[in-house]
Amino acid sequence: SFAGNDVDPILVLGGTLSEDVTWRALDVPYEITTDVYVQKDNDPAVLTLEDGVRMLFATNVGMYVGNGNMGDLVVDGDRALGAGVEFGPATDNGPGSWKGLYFGSKTSSTTDLSGFVLHDAGQTINAGVYLNAATVAMSDCLVSDNVWYGLYSYDSTVSIEDCTFKGTKASSGSMVNGDGLFFNYSNAVTMSGVVSTGNERYPVS
């Protein structure tokens, strides 16, 4: 057990993960203090998150996968039978408390995000989940209370199954964002069992 301290989270200073690694579920969360980059040359670095992992990000901090070099993120959660994987803020100031997850053009086509909750993101990257010419599969997820967009997909291949996008807020004073999902030049999109509700603008655009 790692609980029972004045400050319980496991402190992660961020930086580049250039080797395959699995982060285990513990009885305390991981607190990320600077940006995490999952990538390496030639072969993708693979970060696997077990069911029950909680990742809490400091203000203006997020995770970048396949952004410049090859990377792969595998989220192995199960919200129905287990705890799921959580991505959220270390300090919860509502939507936009941290950056979110960014997937670049060097993201591995095997990237699979299953059984997770992501909330209160959108700072700087303008979405809870941002896809930039990436290939990503998402399932059994709840993406809520983010700013700008719940998911923003540009020129990407994305599969979404049994996911809910809700409570997306528009940026301050804006009438051009606040959508649950936004697809821009993303022709290879498949969705099944998707719910988008309670967003400040459109469910899907």
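**Ground rules**

I note that this is a predicted model, where local features need pLDDT of at least 70, side-chain atom pairs count only at pLDDT 80 or more, and totals for chains, interfaces and linings use all residues. Residues are numbered from 1 along each chain as its sequence is written, and side-chain values use heavy atoms, with hydrogens and water left out.

**Confidence**

I checked pLDDT (the predictor's confidence in each residue, from 0 to 100). The protein chain has a mean of 92, and 100% of its residues reach 70 or more. Confidence is lowest in strand β1 (residues 10–12), with a mean of 84, and highest in strand β11 (residues 101–103), at 97.

Two strands pair if DSSP finds at least two bridges between them.

I traced an open sheet of 7 strands in the order β2-β5-β8-β11-β13-β15-β17, with parallel pairing. Its edge strands are β2 (15–17) and β17, each pairing on one side only. From one strand to the next, the twist averages 15° (axes are lines fitted to C-alpha atoms, for helices over the stretch in contact, and angles run from 0 to 180 degrees between N-to-C directions).

Strand β13 (residues 129–132) pairs with β15 in the parallel sense over 4 bridges. Strand β15 (residues 149–154) is joined to β17 by 5 bridges, also parallel, and here L151 stands opposite L181.

In β17 (residues 179–184), 5 of the 6 residues are buried, so the strand is largely enclosed by the rest of the structure.

S153 lies in strand β15 and counts as buried at 0% relative accessibility. Leaving aside neighbours within four places in sequence, S153 is in contact (heavy atoms within 4.5 Å) with L131, V158, F182, F183, N184 and S186.

S156 is found in the loop between β15 and β16 (157–166), and counts as buried at 3%. I looked for polar contacts (N or O atoms within 3.5 Å; within protein, one must be able to donate a hydrogen and the other to accept it, and residues adjacent in sequence count only if both atoms are side-chain atoms). A polar atom of the S156 side chain lies 2.8 Å from the backbone oxygen of Y154 and 3.5 Å from the backbone oxygen of L131. Beyond four places in sequence, the contacts of S156 include N132, A133, Y185 and A188.

**Rings**

I went through the aromatic pairs (rings of Phe, Tyr and Trp, its six-membered ring, with centres within 6.5 Å; planes under 30 degrees apart count as stacked, over 60 as edge-to-face and the rest as tilted). The structure holds 11 of them. W23 and Y30 have ring centres 5.2 Å apart and planes at 20°, so this pair is stacked. W23 is buried at 11%, and Y30 is buried at 9%.

Y152 and F182 are stacked too, because their centres are 5.1 Å apart and their planes at 10°. This pair links distant parts of the chain, with Y152 in β15 and F182 in β17, 30 residues apart. Y152 is buried at 12%, and F182 at 18%. I also found both in one aromatic cluster with Y37, Y64, Y102, Y130 and Y149.

**Other strands**

Strand β6 (residues 45–50) pairs with strand β9 (residues 71–76) in the parallel sense over 6 bridges, and L49 stands opposite V75. I then went on to strand β12 (residues 112–119), which 3 bridges join to β9, again parallel. There S114 is the bridge partner of D76.

**G88**

Last stop: G88, in strand β10 (residues 85–89). G88 is buried, with a relative accessible area of 0%. The C-alpha atoms of G88 and F57 are separated by 6.3 Å, with the two residues 31 apart along the chain. Not counting residues up to four places away, G88 touches M55, L56, F57, W98 and H119.

Notes:
Buried < 20%, exposed > 50% of the residue type's maximum accessible area, 1.4 Å probe, protein only. Helix = DSSP H or I, 4+ residues; strand = E, 2+ residues; numbered from the N terminus.
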